[in-house]
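I opened this two-chain entry to note how each chain is built and where the chains meet. My entries follow in the order in which I looked things up.

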Amino acid sequence: MVKKLLAGSLLVAVAIAAWLIIMNDSDEKRIIKTLSGLTDCVSKHSGEKTSVMLFKSQILPGYFDDMCILKIDDSHLSGAYTPESISSNMTRIRSFFKEISLNFYDTKISFPSPDKAVVTMTGHLTGTLKRGNRINESRELKAELRKSNGKWLVYNLEVQEILKK
Amino acid sequence: MVKVVFSENHWIQSNHHMEFKEIKDKLFDAWAEYKKTAHKRSFWLPDLSLFGVIRMATIAGATLLFFSYICRPAFINGGSMKPTYSTTGLNFCWKPAFWFKEPRRGQVVVAKYAGERIMLLKRIVALAGDTVEFKNGILLVNGVEQEEPYVKYREAWNLPERRVEKGNVYLVGDNRGMPINAHKFGQISTQRIIGVPLW
């Protein structure tokens, strides 16, 4: 009986600890998870199935706020977008690639207010276009996120202009 | 005849006439003598004594500091500085170069481009306040054509005149044999310049 009680208490303790770890993520961890989810959605492995592509296009809008501003140098892609239009544009861009991989590192997070975060990071994009060209580009990025219903959503994403011609 | 060797200078030799105890004593003496001088030979694999651990930590810390803050290793990947620097290779960024000096025109520098890991290797062609312009591949600084003996490949680059802002310098690679849009160049904050290549 005592052994059963001890085993039961141990199980409850483990469950509480797991719940605390899972549910009480710090804001930094949640932001990192958001960015990690974003990179997963953008990345594409060689021979990606249509179902995976559809799944990614369905969950990608969930990382962005109702209106998100993208600033990408002088690119025509710069502008204000709804999460759905970002997703459809991303699906179109991904279709040009045989494989593509996006990684963020050197991430620095600051909180100007409790429900806003500014993230500076290095984005490393590698990939192979369907016509064979290789892409290997690293750029400094600045992302601004807003906390909405406990979820961090990107509302501003810009590629930093380090070299100005 | 039995010869027991601990090292070049520590060995004993016995013959059948020696008593077992005598051999044993000689062995112990030789081992003790060997242990006394062992630390001299164990520089690369020191004993796990307190002194050994402190010494290893000091060496590791000094190495880390040296290669992080003084002489940072960097792999060159790209041909924008050809032929001065080859497309690939290992170099080191010498950081003390700008501890007490300001960047000069004509100097090849290492500048932070993305985060802490991606850096640019370029030449400073103009300083803050200067004007920069390209006309048919010729660089003009403050309206004066520049002689650039390090430029071996040249395409007809054209770039309208612009002024280098305060706190910035203008960086261009030595390889002008590529289309202007494919070459990363332009003005950058001096705060991003972290050093010069060691060679």
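**Entry 1: chain A, overall**

I began with the extent of chain A: a compact globule of 165 residues would have a radius of gyration near 15 Å, but chain A has 20 Å (taken over C-alpha atoms, the globule rule being 2.2 Å times the number of residues to the power 0.38). The C-alpha atoms of chain A fill a box of roughly 75 × 40 × 25 Å along the principal axes. I note that this is a predicted model, in which local features need pLDDT of at least 70 and side-chain atom pairs count only at pLDDT 80 or more, while totals for chains, interfaces and linings use all residues. Residues are numbered from 1 along each chain as its sequence is written, and chains are lettered from A and ligands numbered from 1 in the order in which they are written.

I then listed the elements of chain A and found four helices and six strands, which follow the pattern α-α-α-β-β-α-β-β-β-β along the sequence; helices (H or I, at least four residues) and strands (E, at least two) are DSSP runs, numbered from the N terminus. Of the 165 residues in chain A, 16% are buried, where buried stands for 20 or more other C-beta atoms within 10 Å of the residue's own, exposed for 12 or fewer and partly exposed for in between, with C-beta atoms placed from the backbone. Among contacts in chain A between residues at least 6 apart in sequence, 52% join residues at least 24 apart, a contact being two C-beta atoms, placed from the backbone, within 7 Å.

**Entry 2: the hairpins of chain A**

I followed strand S4 (residues 116-129) of chain A into strand S5 (residues 134-148) of chain A, and the two pair in the antiparallel sense over 13 bridges; pairing requires that DSSP finds at least two bridges between the strands. Val119(A) stands opposite Ala143(A) in S5(A), and in this hairpin, with four residues between the strands, Gly132(A) takes a positive phi near 105 degrees. From S5(A) I went on to strand S6 (residues 151-159) of chain A, which runs antiparallel to S5(A) and is joined to it by eight bridges. Here Leu145(A) stands opposite Val154(A), and Asn149(A), in a hairpin with two residues between the strands, takes a positive phi near 50 degrees.

**Entry 3: the sheet of chain B**

Chain B has two helices and 13 strands, and buried residues make up 19% of its 199 residues. Which strands form the open sheet, and in what order? I read seven strands of chain B in the order S3-S4-S13-S5-S6-S11-S12, with antiparallel pairing. Strand S3 (71-77) and S12 of chain B stand at the edges with a single partner strand each, so one side of each is left without a neighbour in the sheet.

I looked longest at S11(B), where five of the five residues are buried, so this strand is largely enclosed by the rest of the structure. Asn168(B), Tyr170(B) and Val172(B) point one way from S11(B), whereas Val169(B) and Leu171(B) point the other way. S11(B) pairs in the antiparallel sense with S6(B) over three bridges, Ile124(B) having Leu171(B) as its bridge partner, and with S12(B) over four bridges, where the partner of Asn168(B) is Ser189(B).

**Entry 4: the nonpolar cores**

I next examined the largest nonpolar core, in which, of 25 residues, Val110(B), Ala111(B), Val125(B), Val169(B), Tyr170(B) and Leu171(B) touch the most other members; such a core is a set of buried Ala, Val, Leu, Ile, Met, Phe, Trp, Tyr and Cys residues joined through C-beta atoms within 7 Å. S5, strand S6 (118-126), strand S11 (168-172) and strand S13 (193-197) of chain B each supply at least two residues of this core, and the largest share, six residues, comes from S6(B). A second, separate core of 19 residues includes Val42(A), Phe64(A), Ile100(A) and Val154(A).

**Entry 5: where the chains meet**

Last, I turned to the contact between the chains, which takes twelve residues from chain B and ten residues from chain A. On the side of chain B that touches chain A, strand S5 (108-114) and strand S12 (186-189) of chain B are the elements that give two or more residues, and S12(B) gives the most, with three residues.
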